[in-house]
Amino acid sequence: MINITVPTPDVTIYKEIAPELSNIYGFTDFHLITREKGGIFMFYNSKDELLFVGKARKLRPRIKKHFEDSVSPMKNYRNEVSKIEVCVIEDAVDREIYETYIINEFQAKYNVDKVFYK
């Protein structure tokens, strides 16, 4: 049996109700997420339910793309996201393992690939 421990998030940002600064779907703290490092990210709703898990070689641009791209699996659910957690993980194989594990262990609602629990 393999034992996987989900890493503690390095950065957590929250949606603001009435943001005064420039924002993307209520999020103003994207600057806290590294632009150059890779890792995994998790989107949660206001009930702290896991909505989506993803991985990226460069975290900030990939996360922003989910809020701007017309082909993102999150495109119809962007308004549900109230919290984003980010874990910096440089190794590509580790990112793949964590992403697949978290999707299935916590049953991410809007992930369609790598799902074994349905």
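Me: What percentage of the 118 residues counts as buried?

Reply: This is a predicted model, where local features need pLDDT of at least 70, side-chain atom pairs count only at pLDDT 80 or more, and totals for chains, interfaces and linings use all residues. Residues are numbered from 1 along each chain as its sequence is written, and side-chain values use heavy atoms, without hydrogens and water. Buried means under 20% relative accessible area, with a 1.4 Å probe and protein chains only. Of the 118 residues, the buried share is 40%.

Me: Which radius of gyration does the chain have, and why does it agree with a compact globule?

Reply: The radius is taken over C-alpha atoms, and the globule rule is 2.2 Å times the number of residues to the power 0.38. For 118 residues a compact globule would be near 13 Å, so the chain agrees with its 14 Å.

Me: In what order do the elements run from the N terminus on?

Reply: Helices (H or I, at least four residues) and strands (E, at least two) are DSSP runs. There are two helices and four strands. Their order is β-β-β-α-β-α.

Me: What share of the contacts with a separation of 6 or more comes from residues 24 or more positions apart?

Reply: A contact means heavy atoms within 4.5 Å. Residues 24 or more positions apart account for 58%.

Notes
Buried < 20%, exposed > 50% of the residue type's maximum accessible area, 1.4 Å probe, protein only.
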